[in-house]
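Here are my notes on the model you sent. Please read them with the structure open.

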Amino acid sequence: MAAHDPVAGVPRWARIAALAVPLTVLPASLWRIPAAFDEGIGIGERLYVVCLSIVSELVAFTAVGLIARWGEVFPRWTPFVRGRRVPPKAVAIAAAFGALILTVMWTAAWISIFRGVTLRGGATPANFPTEEGGWKAATFYVYYLPLLLWGPLLAAVTFAYVQRRRPAIVQA
């Protein structure tokens, strides 16, 4: 846990936001796992769904790097770059771009869900949880609505990172 402790100068709100990012992704990741093992799902699709959940969590967890030491200096277990400084300008650009993409993507996804269409504009399939109604729709909303917070929380943590690392970013 010490590896994830915030470095000096990280505001409390940024620490809370960074730690909340993986928690916003976790419900959707957990909701997908049982669906991967439904009848009629092939091995390739099962693997895709499980890997999507794992990769989503790993990507979300990188937000913690914006407040932790391992986000400023590569950990010793990383080959070739261990102990070197993480380029703050690259981190700031990647995090800002990620926050923008996630905000746009999940906002567009939810707008399409509420309109009853897919992202491509077609009708939502009849077996989609929101179309089936009842508990399936309710659980879908509970598990997937937190994803709307992923981009904005990442943007807030990125802002705190840039404010804290401004001298290093300007020099780069």
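1. Helix α6 runs over residues 150-171 of this predicted model. Its 22 residues, at 1.5 Å a residue, should span 32 Å, and the end C-alpha atoms lie 30 Å apart, which agrees. The expected figure is 1.5 Å times one less than the number of residues.

2. Where does α6 kink? The kink, of about 75 degrees, is at R165, shortly before the proline P167. R165 is also one of the buried residues of this helix.

3. The buried set of α6 begins with W150, G151, L153 and L154, continues through V157, T158, A160 and Y161, and ends with R164, R165, A168 and I169. Which helices do these residues pack against? Their partners are α1 (12-36), α2 (43-61) and α3 (88-115).

4. As for the overall fold, the protein has six helices and zero strands, so the order along the sequence reads α-α-α-α-α-α. The C-alpha trace spans about 55 × 30 × 25 Å along its principal axes.

5. Of the 172 residues in the protein, 36% are buried. Taking contacts between residues at least 6 apart in sequence, 68% join residues at least 24 apart.

Notes: Residues numbered from 1 in each chain as written. Predicted model: local features only at pLDDT ≥ 70, side-chain atom pairs only at ≥ 80, totals over all residues. Heavy atoms only, no water. Helix = DSSP H or I, 4+ residues; strand = E, 2+ residues; numbered from the N terminus. Bend = angle between axes of the 7 residues up to and from the residue. Buried < 20%, exposed > 50% of the residue type's maximum accessible area, 1.4 Å probe, protein only. Contact = heavy atoms within 4.5 Å.
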